[in-house]
Amino acid sequence: MKFETPAGINPIDKQTVIGKPTDRIEGPLKTTGTAKYAYEHNDVVSNPAYGYVVGAAIAKGRIKSIDQTKAKAAPGVLAIVTAASAGPLKPGQFYVDKLLAGPDIDHYHQAVAVVVAETFEQARAAASLLKISYTKTKGAFDLAAAKDSAPVPKQGQFGPPPQTNVGDFGGAFASAPVKLDETYTTPDQTHAMMEPHATIARWDGDKLTCWSSIQQINWGVRDIATVLGIPKENIRLISTFIGGGFGGKGTVLSDIIAASLAARAAGRPVKVALPRPLIMNNTTHRPATIQRIRIGATPDGTITAIGHENWSGNLPGGRPESSTASTRLLYAGANRFTQLRLAVLDLAEGNAMRAPGEATGMMALEIAMDEMAEKLKMDPVAFRLKNDTQEDPEKPGRKFSTRKLVECLQTGATKFGWSKRQTQPGTVREGQWLIGMGVASAIRGAPVMKSAARVRLSREGIVTVETDMTDIGTGSYTIIGQTAAEMMGVSLDKVVVTLGDSTFPESPGSGGQWGAASATSGVYAACVKLREAVANSLGVHIEDAEFVGGQVLAGNRSHPLGDAAKAAELVVTDEMTYGTLSREYAQDTFGAHFVEVGVNSYTGEVRVRRMVAICHAGRVLNPKTARSQVIGAMTMGVGAALMEELVVDKHVGFFVNHDLAGYEVPVHADIPHQEVILLEDIDPTMSPMKAKGIGELGMVGVAAAVANAVYNATGIRVRDYPITLDKLI
Ligand code: MOS
């Protein structure tokens with residue numbers, strides 16, 4: 001199937017709004033502090049009360065009793081909600097955590113009560129007066145210890161197959177002349193987004209409105225309905241601006257449920273924000289992994305066997321971290337084996353975090369490729385080029401819709417100056433600094449989901465877009481505005497974009513790197529319909545009409561666009577589904593990351609000196625927002641390589657460094673200039689706007705490129721992330 005540009009719409013190479021490096025249209029609201037985040041919607045609720053979520057003080061066991069006497073008598077207290085008072089709550093989809101637990105406790109800081117008071121301080125003070133006694137039971141907190149008894153999980157609803165086999169991996173690996181068998185570990189990580197999970201909940205009779213920080217409005221409404229047992233029609237969910245998500249705000253978490261229950265109990269609107277220490281242990285995180293990789297090759301560098309096993313842990317019923325996903329697609333090799341194993345761990349729930357599976361898997365695979373290249377005495381870029389494949393290596397005959405991994409690696413090598421890399425590690429020195437270069441490939445799926453939008457045209461010629469798509473800081477507002485402007489032949493300042501409200505047509509939200517491709521498809525579809533409505537209203541044939549400069553040109557006449565709405569505003573809604581071709585083609589995005597580091601030869605301190613990323617992610621709707629996505633992702637990749645780690649207390653069973661002082665992420669001073677090259681491409685199988693996601697691709701492989709550069713600098717191979725200085729001295 002090929003997408004044809006409808007008559008009258010500028011062909012892609014002639015478009016004037018899409019593809020331009022456009023500033024974010026909501027930027028001024030954010031930089032002036034006037035964009036309202038969930039917790040700040042004071043205008044919509046009068047006299048709100050404040051809810052304080054109390055987290056369990058044990059990791060596993062039972063609540064024996066909750067003595068509320070002192071807390072109830074504390075100043076300003078309006079209500080105390082517990083699982084016992086709230087009645088049964090059902091779990092939502094994709095998540096297993098009970099968002100208000102009791103009497104059974106599944107993990108440390110699982111929500112066990114919400115204290116509601118007139119002020120935040122009163123709620124917090126009263127919360128400390130709750131006397132909760134527990135019976136502790138033994139929990140499992142150590143992935144390495146649980147690993148050997150971890151089974152292969154059942155296939156999840158949307159997850160990849162937990163195990164794949166092609167050819168005879170065992171035989172081919174055993175007989176391979178050159179082979180590698182190594183184990184790599186990645187730690188638990190937290191999203192560390194700026195804005196905490198926060199919700200204001202208001203009941204009007206049996207109707208519930210929540211202003212919340214949530215990436216997927218549709219999942220949110222579905223899960224609030226399920227958890228609280230109320231009809232979806234009675235829920236309105238609003239998320240206008242989001243201060244970062246990364247998958248940690250995919251759907252409902254304890255703040256929404258706490259605020260909703262608290263508002264019902266208090267008979268008032270209630271505001272709940274999770275304090276930072278609660279976020280790490282109460283909400284979801286990226287789970288730790290142990291990964292064994294085996295690669296066998298012939299002396300000329302042809303991979304003959306590739307095997308990837310991954311162990312992760314989760315609460316009972318939780319999902320595995322699917323770290324084998326990229327290995328299944330990235331390199332050729334006739335004999336293949338991948339397997340996920342899942343242990344039960346009584347830590348907070350593991351769930352999606354930016355490039356879930358791919359990010360962790362490529363942290364291991366791309367070090368293994370570097371190690372293998374060294375064994376083969378091959379250049380790491382050349383070794384990757386040699387094993388490129390143009391079809392799905394697990395499903396021969398299934399082609400990639402487009403795949404420019406080779407071009408990404410070659411372009412990057414040239415730009416970066418890869419030819420200056422010294423093969424022998426530890427040989428380049430500048431004063432006390434050892435200098436090294438590293439490379440890694442990148443791959444990430446390019447899903448497109450059904451997405452709907454409504455567009456309105458006013459007599460003033462203003463086009464208003466409404467969809468429940470969200471903007472988590474990615475630029476959704478802007479690319480949606482650009483799409484509508486291009487389609488209707490108006491400048492961007494004639495478009496109003498309104499997002500993040502469940503009363504708007506349904507989008508798949510921000511996640512899985514599908515937001516840009518999906519949401520703009522729905523807007524495109526609605527605009528095609530609006531163009532027809534405009535032509536009808538003006539009495540011209542749509543085939544003859546040209547929409548340009550705010551005018552509709554037909555024959556030798558020109559009508560101001562707004563004239564079509566003179567009698568009444570034109571309003572149309574449409575949706576587009578474009579996700580089915582992925583069965584026929586592997587639709588993916590590709591990239592290459594090149595990194596130069598300096599490692600201090602006395603202290604082991606690692607400084608990233610240069611970063612170059614080449615991304616092949618379809619058509620670029622807005623080079624500025626696309627680049628911002630990639631540099632943010634590269635920064636997160638540096639965090640994963642060098643800093644980020646939730647440290648598990650294996651006795652008590654919780655993440656110790658549960659704040660932004662103890663959980664380190666890169667700051668400006670840690671990041672050098674980042675160069676991003678976008679290899680633009682029109683994938684004929686993709687959605688009308690021809691975009692693919694880029695926000696997750698940008699971090700896949702980065703950590704391994706850093707690790708490989710550290711090895712090249714020092715000769716020390718660290719297989720255990722993060723690469724902190726103690727591992728280098
Ligand atoms: Mo993402 S990890 O689906 O925000």
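User: At what angle do helix α10 and helix α16 pack, and how far apart are their axes?

Analyst: Helix α10 (residues 358–375) and helix α16 (residues 702–714) pack at about 35°, with their axes 8 Å apart. The axes are lines fitted to C-alpha atoms over the stretch in contact, and angles run from 0 to 180 degrees between N-to-C directions. Helices are DSSP runs of H or I with at least four residues and strands are runs of E with at least two, both numbered from the N terminus. This is a predicted model, in which local features need pLDDT of at least 70 and side-chain atom pairs count only at pLDDT 80 or more, while totals for chains, interfaces and linings use all residues. Residues are numbered from 1 along each chain as its sequence is written.

User: Why is the crossing of α10 and α16 called right-handed?

Analyst: A crossing is right-handed if the near helix is turned clockwise from the far one by less than a right angle, and left-handed if anticlockwise. α10 passes α16 in the right-handed sense.

User: How do you know whether α14 has the span expected of a helix?

Analyst: The expected span is 1.5 Å times one less than the number of residues. α14 (residues 515–538) has 24 residues and reaches 34 Å from its first C-alpha to its last, close to the expected 34 Å. α15 (residues 623–642) has 20 residues and reaches 28 Å, close to the 28 Å expected. Just after α14, Gly539 takes a positive phi of about 70°.

User: Why are α14 and α15 described as largely enclosed?

Analyst: A residue is buried if 20 or more other C-beta atoms lie within 10 Å of its own, exposed if 12 or fewer, and partly exposed in between, with C-beta atoms placed from the backbone. In α14, 17 of the 24 residues are buried, so the rest of the structure largely encloses this helix. In α15 the count is 15 of 20, so α15 is likewise largely enclosed.

User: What makes Ala198 buried or exposed?

Analyst: Ala198 has 22 other C-beta atoms within 10 Å and is therefore buried. Ala198 lies in strand β9 (residues 198–204). Not counting residues up to four places away in sequence, Ala198 touches Ala38, Tyr39, Ser213, Asp255, Val272 and Ala273. Its C-alpha is separated by 7.4 Å from that of Ile256, 58 residues apart along the chain.

User: Is Ile682 buried or exposed, and where is it found?

Analyst: Ile682 is exposed, because its count of other C-beta atoms within 10 Å is 12. Ile682 sits in the loop between β29 (674–678) and α16. Leaving aside neighbours within four places in sequence, Ile682 contacts Ile12, Arg619 and Lys690.

User: Which peptide bonds are cis?

Analyst: Among them are the bond from Gly102 to Pro103, with omega near -5°, and the bond from Tyr721 to Pro722, also with omega near -5°. Pro103 lies in the loop between α3 (83–86) and β4 (104–105), and Pro722 is in the segment after α16.

User: How do you know how compact the protein is?

Analyst: The protein has 16 helices and 29 strands. Its radius of gyration is 27 Å, close to the 27 Å from the globule rule for 729 residues, so the protein is as compact as a globular protein of that length. The radius is taken over C-alpha atoms, and the rule is 2.2 Å times the number of residues to the power 0.38. Buried residues make up 57% of the 729.

Notes
Two residues are in contact if their C-beta atoms, placed from the backbone, lie within 7 Å.
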